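This report is meant for someone meeting the structure for the first time. Please look over the sequence and the 3D view before reading on.

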Amino acid sequence: MTQDTKPGVRTVDVLIRDTMVVTLDPERRIITHGAVAIDGDTIVAVGKSDEVEAAFAGRETIDGRRFVAAPGFVNSHIHVTGEPLTRGFVPDDTGWYDNVFNWLVPLYADQTPEEERLASQLAAVEMLRNGVTTFIEAGTIHHLEAVADGLRQTGIRGRIGQWSGDRAYDPTLDQVAMTKEAIKTLQWQMELFGCDGDALIAAWPTLIGHSMNTDDCWREAAALAKAYGGGVSAHMSPVEADPDWYLENTGHRPIQHLAELGVLGPNVSLTHAIHLDDSEVDLIVQSKTNIAHCPMSALKGAYGATVHGKFPEMAARGVNVMLGTDGANNGNAADMMRVMFLVAGLFKDCRRDVHAFPAHEALTMATLGGARGIGLADRIGSLEVGKKADLVLHDTDRPEWRPLMNVINQMVWSADGRGVHTVFVNGAKVVDNYRCTTVDEDRLWADAEIGCRAVCTRSGLPTVSAWPIL
């Protein structure tokens with residue numbers, strides 16, 4: 001219980017005063033000379049600084065004159081294991097199939113629990129230092145307990161799941177046994193971690209997706225998500241391979257098949273979803289299924305997002321289009337500000353429409369859109385009284401921020417994650433003066449170098465360079 005410093009003034013843990021506050025509240029207020037008061041894990045006041053300071057005093061008071069205070073970003077699709085320790089190792093001219101099955105799968109398959117824990121911390125620290133306070137994992141973790149332990153130490157908020165691909169492409173494999181094992185894994189992780197909305201790290205019945213999950217696995221994932229109040233995340237249709245497989249093996253396109261299974265819905269997030277036809281878009285609209293768009297990986301992988309992607313059209317019809325960064329050998333960076341820049345620009349150009357995804361919509365997708373997709377829109381995504389204190393202070397004493405005119409334009413078009421000075425997650429300061437407070441960063445960098453060499457050497461994959469390395 002806090003004690004007042006004087007009658008009528010409540011003492012809170014943190015008071016950020018005299019700053020610019022980008023609230024993302026229902027009125028989308030931008031408050032100049034504003035203040036935010038945080039007590040415990042909750043925002044207790046947002047408003048003009050003189051009014052907030054008249055009612056609240058902080059045990060810690062932050063002079064916010066050089067900062068823009070904004071909600072933490074939600075990274076709606078990232079691989080926190082496998083790739084953080086092998087960033088840049090995969091050549092950038094591999095096609096989708098070669099990239100995934102000949103490079104990424106071998107690199108994922110051969111990591112120890114300790115290496116996955118290290119990779120997840122590396123990913124989390126990168127996200128936090130770029131203003132990401134919440135993430136949805138892509139479902140490619142092999143050692144879930146070790147990863148959860150590592151993530152909890154960093155203080156980030158996330159939803160994670162263990163690798164669950166059960167399709168037996170090899171006829172010599174036992175399909176029934178593979179599906180039984182995948183379902184057992186889904187059930188185990190939900191029993192172990194649950195999906196409490198207030199928990200920082202919790203589980204989702206996350207699937208690999210594509211054509212790698214059987215119908216039974218999809219149905220069980222949907223049932224578990226409903227039972228535990230969580231969501232289902234899966235990859236789907238980045239390139240033509242998924243529609244081609246479903247048409248050949250089910251007679252329907254992927255989204256049509258999932259709709260027939262009854263597994264679509266507002267607690268489902270499909271990542272990529274580039275190669276869709278109009279009937280599939282109709283089903284996504286009707287089911288209120290979320291779409292996670294990863295423009296950096298789409299560009300690098302030549303998925304055809306600007307040619308085939310229907311993201312502006314889906315958004316115009318009310319689909320919740322979220323943003324993600326994907327893996328460290330695909331998008332290659334966990335900077336959501338770079339993602340906002342891309343989504344705000346790519347479709348202006350390819351549609352020849354300057355109104356496509358304006359800056360304020362890109363910011364909304366990266367905050368409230370992600371919060372909605374993860375099922376936490378009542379808790380995160382905006383700076384409002386009663387919501388969790390997930391807050392970022394962007395340093396404006398930098399060339400990309402000065403002079404400061406239109407804060408939303410500059411956040412999306414000019415700035416990037418390098419200007420993130422301070423980050424709070426759930427009221428805890430996890431980044432301060434550009435450094436993570438929960439992890440020894442110098443030790444992390446050194447361990448990552450060692451882990452990288454070990455993983456890449458064991459994989460047997462070659463080091464490829466267009467230029468000689470002497």
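## Two loop residues

Asn 267 sits in the loop between helix 8 (254-261) and strand 11 (268-272). The model shown here is a predicted one, and in it Asn 267 is partly exposed, with a relative accessible area of 28%. Although Asn 267 and Gly 230 are 37 residues apart in sequence, their C-alpha atoms are 7.0 Å apart in space. When neighbours within four places in sequence are left aside, Asn 267 is in contact with Ala 225, Lys 226, Gly 230, Gly 231, Val 232 and Asn 290.

Arg 253 belongs to another loop, the one between helix 7 (241-250) and helix 8. Is Arg 253 buried or exposed? Its relative accessibility is 16%, and Arg 253 therefore counts as buried, since the term applies under 20% relative accessible area. The side chain of Arg 253 makes a polar contact of 2.7 Å with the side chain of Glu 280. Not counting residues up to four places away in sequence, Arg 253 touches Pro 243, Tyr 246, Leu 247, His 275, Leu 276, Asp 277 and Glu 280.

An open sheet is formed by four strands, which follow the order 6-7-8-9 and pair in parallel. Strand 6 (73-78) and strand 9 (201-203) stand at its edges, and because each has a single partner strand, one side of each is left without a neighbour in the sheet. From one strand to the next, the twist averages 15°. Within this sheet, strand 7 (residues 132-137) and strand 8 (residues 157-160) are paired in the parallel sense over three bridges, and Phe 135 stands opposite Gly 158 in strand 8. Helix 13 (residues 336-350) lies across strand 6 and strand 7, and it runs at about 85° to strand 6.

Elsewhere, strand 15 (residues 420-425) takes part in antiparallel pairing with strand 14, over four bridges, and with strand 16 (residues 428-432), over three bridges.

## Nonpolar cores

Which residues touch the most other members of the largest nonpolar core? That core has 121 residues, and those with the most contacts to other members are Trp 218, Leu 270, Phe 311, Met 314, Met 340 and Leu 363. Helix 13 gives the most to this core, contributing nine residues. Met 314, again not counting residues up to four places away in sequence, touches Ala 273, Leu 276, Val 281, Ile 284, Ile 291, Val 319 and Val 321. There is also a second, separate core of 16 residues, which includes Ile 38, Phe 67, Leu 391 and Leu 393.

## Salt bridges

Side chains of opposite charge can pair when their charged atoms come close.

| Salt bridge | N to O distance |
|---|---|
| Arg 458 and Glu 115 | 2.6 Å |
| Arg 157 and Asp 390 | 3.0 Å |
| Asp 432 and Lys 429 | 4.0 Å |

The salt bridge of Arg 458 with Glu 115 links distant parts of the chain, with Arg 458 in helix 16 (residues 441-459) and Glu 115 in helix 3 (residues 113-129), 343 residues apart. Arg 458 counts as partly exposed at 38% relative accessibility, whereas Glu 115 is buried, with a relative accessible area of 10%.

In the salt bridge of Arg 157 with Asp 390, Arg 157 lies in strand 8 and Asp 390 in the loop between helix 14 (359-373) and strand 14 (391-395), so the pair ties together parts that are 233 residues apart in sequence. Arg 157 is buried at 1% relative accessibility, and Asp 390 is buried with a relative accessible area of 3%.

For the salt bridge of Asp 432 with Lys 429, Asp 432 is partly exposed at 32% and Lys 429 is partly exposed at 23% relative accessible area. Salt bridges that share partners also join Asp 41, Asp 198, Asp 378, Arg 379 and Lys 388 into one network.

Conventions:
Residues are numbered from 1 along each chain as its sequence is written. This is a predicted model: local features need pLDDT of at least 70, side-chain atom pairs count only at pLDDT 80 or more; totals for chains, interfaces and linings use all residues. Side-chain values use heavy atoms; hydrogens and water are left out. Two strands pair if DSSP finds at least two bridges between them. Axes are lines fitted to C-alpha atoms, for helices over the stretch in contact, and angles run from 0 to 180 degrees between N-to-C directions. Contact means heavy atoms within 4.5 Å. A salt bridge is a side-chain nitrogen of Lys or Arg within 4 Å of a carboxyl oxygen of Asp or Glu. Buried means under 20% relative accessible area, exposed over 50%, partly exposed in between (1.4 Å probe, protein chains only). A nonpolar core is a set of buried Ala, Val, Leu, Ile, Met, Phe, Trp, Tyr and Cys residues joined through side-chain atoms within 4.5 Å. A polar contact is a pair of N or O atoms within 3.5 Å; within protein, one must be able to donate a hydrogen and the other to accept it, and residues adjacent in sequence count only if both atoms are side-chain atoms.
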